[in-house]
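Open the model in your viewer and keep the sequence beside it. This tour goes from the whole chain to single residues, one selection at a time.

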Amino acid sequence: MGKKGKPKSKCCVSKDRCKRCPIRMLKEGTLPSGFTVKKRKLVKVDKKTAKKLAKAA
């Protein structure tokens, strides 16, 4: 997972993002591989999409 810890499953919508906020972790690039954020919720990415994302990055 890394030093930052495990992300929350849903964003708490606070103005100043908490340390485990999935939106903040996605922006910083510390979100674990295989996960993304959609509509403020943490979602698991299927293998095909994960490969496309890895190539784009």
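**The whole chain**

Begin with the surface: the protein exposes about 4900 Å², and carbon and sulfur atoms supply 55% of that area. Keep in mind throughout that this is a predicted model. Of the 57 residues of the protein, 19% count as buried.

Now switch to a cartoon view. The protein has two helices and two strands. Followed from the N terminus, the elements run α-β-β-α. Next, show contacts between residues at least 6 apart in sequence; of these, 24% join residues at least 24 apart.

**Helix H1 and its salt bridge**

Select residues 22–28, which make up helix H1. How many salt bridges does a search of the whole structure find? The search finds one. To see this salt bridge, show the side chains of Glu-28 and Arg-24, whose closest N and O atoms are 2.6 Å apart. The two side chains also count as making a polar contact, at 2.6 Å. Glu-28 and Arg-24 are four residues apart in helix H1, so about one helical turn separates them.

Is Arg-24 buried or exposed? Arg-24 is buried because its relative accessible area, 17%, is under the 20% cut-off. Glu-28, with a relative accessible area of 44%, is partly exposed.

Stay on Arg-24 and show what surrounds it. Leaving aside neighbours within four places in sequence, Arg-24 is in contact with Arg-17, Cys-18 and Lys-19.

**The cysteines**

From that list, select Cys-18, one of the residues in contact with Arg-24. A disulfide is a covalent bond between the sulfur atoms of two cysteines. How many disulfides does a search of the whole structure find? The search finds zero. Cys-18 is in no disulfide, and the nearest cysteine sulfur, that of Cys-12, is 4.4 Å away.

Cys-21 is buried, with a relative accessible area of 1%.

Terms used: Residues numbered from 1 in each chain as written. Predicted model: local features only at pLDDT ≥ 70, side-chain atom pairs only at ≥ 80, totals over all residues. Heavy atoms only, no water. Disulfide = S-S within 2.5 Å. Buried < 20%, exposed > 50% of the residue type's maximum accessible area, 1.4 Å probe, protein only. Contact = heavy atoms within 4.5 Å. Areas by Shrake-Rupley, 256 points an atom, 1.4 Å probe, with all protein chains shown as cover. Salt bridge = Lys/Arg side-chain N within 4 Å of Asp/Glu carboxyl O. Polar contact = N/O pair within 3.5 Å; in protein donor to acceptor, adjacent residues only side chain to side chain.
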